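Colleague: I would like to learn how to read a structure like this one feature by feature, with the general idea before the particular case. Could we go through it together?

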Amino acid sequence: MRGAVISKVVLGAALAVGLGVSEEMEAVHAPAVKLDVPKARPMSAEMTKALNAQLKAELESAYIYLGMAKWFDEQNLSGFAHWFRIQSEEEMTHFKKVYDFMQDRGVQVVLPSLEAPNSDFDSIVDVFLDGLKREQELTVQIHEIYSLAQDLREYDAGSFVLWFLQEQVEEENLFLSYIDHLIRIGGHDADPAAILWMDRELGNRAPEQG
Ligand SMILES: [Fe+2]
Ligand SMILES: [Fe+2]
């Protein structure tokens, strides 16, 4: 095994000389030059903790919506199930946004362990009410991060979460509008034909671009 490795190196060197790249090879093996690279401004422990909490919340949301999609699949309402799977995927993109920002800022990411989400509901209205509650809780959490960023003068983190604040307005409105539809068709005692119509509507949801 070791012999095979050596012969590969010798062969590689011979090929390199043949191709006239021996100087580059020498440069690769030269001792590293010591550079005094300035360190990036560190993020506070408080903000690091807050961003890790948001990272966890976005991942939890993805899992929660997957639990809801599962319930709809079990009710044979594939349109509703599709809508919640897309919702879950969107939360995964939010998770990735937070993850990328933390990596770019050199912040220690803590990947959380998650509890299994609820996938047992009494009615369609209950699912949407739970979804709305989830979004409202996350809105409060993101407002707190923004406020913390102002207090600590960590404006990069503050500007980062602004996108999420706007997103939360859309998310809450989305749930509110479907709750409104459900109330109009009878709430907990909704007309089955109207539910089937809504199922077809929700089945058309396309993944968000960008
Ligand atoms: Fe989100
Ligand atoms: Fe959301």
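Modeller: Let us begin with contacts: two residues are in contact if their C-beta atoms, placed from the backbone, lie within 7 Å. In this model, which is predicted, residues 24 or more positions apart account for 76% of the contacts in the protein chain with a separation of 6 or more.

Colleague: Which elements make up the protein chain, and in what order do they run?

Modeller: The protein chain holds 7 helices and 0 strands, and from the N terminus on the order is α-α-α-α-α-α-α. Of its 210 residues, 22% are buried.

Colleague: How many residues does the largest nonpolar core have, and where do they come from?

Modeller: As a general idea, nonpolar side chains in soluble globular proteins tend to be buried together. Here the largest nonpolar core has 36 residues, and those with the most contacts inside it are L51, M68, F72, F80, F84 and V161. At least two residues of this core are supplied by each of α3 (45-74), α4 (78-104), α5 (124-152), α6 (155-184) and α7 (192-202), and the largest share, 13 residues, comes from α3.

Colleague: With which residues is V161 in contact, if its neighbours within four places in sequence are left aside?

Modeller: Those partners are I142, I145, Y146 and A149. The general point for reading such a list is that an α-helix has 3.6 residues a turn, so residues three or four places apart point the same way.

Colleague: Is V169 buried or exposed?

Modeller: The place of V169 is in helix α6, and V169 counts as exposed because it has 11 C-beta neighbours inside 10 Å, where the limit for exposed is 12 or fewer. From C-alpha to C-alpha, V169 and Q136 are 9.2 Å apart in space, although 33 residues separate them in sequence.

Colleague: What span should α3 have, at 1.5 Å a residue?

Modeller: The 30 residues of α3 should span 44 Å, and its end C-alpha atoms are 44 Å apart, so the two values agree.

Colleague: Which residue with a positive phi follows α3?

Modeller: In general, most residues other than glycine have a negative phi. N76, which follows α3, has a positive phi of about 60 degrees although it is not a glycine, and N76 lies in the loop between α3 and α4. N76 is exposed, because 9 other C-beta atoms lie within 10 Å. R153, in the loop between α5 and α6, also has a positive phi, near 55 degrees, and with 8 C-beta neighbours inside 10 Å R153 counts as exposed.

Conventions: Residues are numbered from 1 along each chain as its sequence is written. Chains are lettered from A and ligands numbered from 1 in the order in which they are written. This is a predicted model: local features need pLDDT of at least 70, side-chain atom pairs count only at pLDDT 80 or more; totals for chains, interfaces and linings use all residues. A nonpolar core is a set of buried Ala, Val, Leu, Ile, Met, Phe, Trp, Tyr and Cys residues joined through C-beta atoms within 7 Å. A residue is buried if 20 or more other C-beta atoms lie within 10 Å of its own, exposed if 12 or fewer, and partly exposed in between; C-beta atoms are placed from the backbone. Helices (H or I, at least four residues) and strands (E, at least two) are DSSP runs, numbered from the N terminus. The expected span of a helix is 1.5 Å times one less than its number of residues.
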